[in-house]
Amino acid sequence: ELADEIGVGESLAEFDVALSAALRQHLSLETLRAFSIITRLGDWEVLFGIGAVVFAVLAARRLRLLAAAWVVTTLSGALLNRILKAIFERTRPLHDHGLTAEEGWSFPSGHASGSMLVYGLLAYIVVRNTPSVWHIPAALTGIALVIFVGSSRVLLQVHYLSDVLAGYASAAAWIAICVAALEAVRWRERKAPRPAKG
């Protein structure tokens, strides 16, 4: 639906352009500098580093299925984003403030998608494997990180709002599919008859 609304003359596309122009005109350099720091939380180097640490922790705790699901979901989700960018080939908005320079296609946002994949899935893992006292803090932290990274892309004018929404939507859908598959495998393992002892 988002992809259908970003064509020439579509209302969402016109809103994207107007919002980006307004932000370029009214945001102060200090505000842009602050969000140029926040946006680094969605850089691929940061997300890859977090991904490697999470995989190492899961492997060390012998959570092999979860470790495999982590790698498959995050890496295939990143590949999905690249494929979608190549399909839609949307040009980025003008960003000439000099604080960050981005190349490549705009739709959907890789930072929004990557932050949803890594921080969102990490929140799920924490909730799934810790006492209930950690569930709400983990979920709120994950949501905050995803929102801050995505909004930073719009405020820095390196993405349109619809790019970020599409990044969120595609990554959330992919996480849902992968988590559903993981839970189905876990359910089958629990239901499988265990060999009798002796």
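In this predicted model, W44 and F48 sit together in helix α3, which covers residues 44-60. The two residues are four apart, which is about one turn of the helix. W44 counts as exposed, with a relative accessibility of 62%, and F48 is likewise exposed, at 55%. Both values lie over the 50% cut-off for an exposed residue.

How do two rings come to be called a pair? A pair of aromatic rings is described by the distance of the centres and the angle of the planes. Under the rule used here, rings pair if their centres lie within 6.5 Å, and planes over 60 degrees apart count as edge-to-face. The count comes to two aromatic pairs. For W44 and F48, the ring centres are 6.5 Å apart and the planes stand at 70 degrees, so this pair is edge-to-face.

F88 and F107 form an aromatic pair that is also edge-to-face, with 5.0 Å from centre to centre and 85 degrees between the planes. F88 belongs to helix α4 (residues 64-88), while F107 is found in the loop between α4 and α5, so this pair ties together parts that are 19 residues apart in sequence. F88 is partly exposed, with a relative accessible area of 34%. F107, at 3%, is buried.

Helix α5 (residues 110-129) packs with helix α6 (residues 135-155) at an angle of about 175 degrees, and their axes are 9 Å apart. Because angles over 145 degrees count as roughly antiparallel, α5 is described as roughly antiparallel to α6. On the α5 side, the residues in contact are H111, S115, M116, Y119, G120, A123, V126 and V127. On the α6 side they are H135, A138, A139, G142, L145, V146, V149 and R153. Sorted by class, this contact has 10 nonpolar, five polar and one charged residues.

Turning to the whole chain, the model has seven helices and zero strands, giving the pattern α-α-α-α-α-α-α along the sequence. The C-alpha trace spans about 75 × 35 × 25 Å along its principal axes. The chain has 198 residues, of which 38% count as buried. Among contacts between residues at least 6 apart in sequence, 74% join residues at least 24 apart.

Methods. Residues numbered from 1 in each chain as written. Predicted model: local features only at pLDDT ≥ 70, side-chain atom pairs only at ≥ 80, totals over all residues. Heavy atoms only, no water. Axes fitted to C-alpha atoms, helices over the stretch in contact; angles between N-to-C directions. Parallel < 35°, antiparallel > 145°, perpendicular 65-115°, else oblique. Contact = heavy atoms within 4.5 Å. Nonpolar A, V, L, I, M, F, W, Y, C, P; charged D, E, K, R; others polar. Buried < 20%, exposed > 50% of the residue type's maximum accessible area, 1.4 Å probe, protein only. Phe/Tyr/Trp six-rings, centres within 6.5 Å; stacked < 30°, edge-to-face > 60°.
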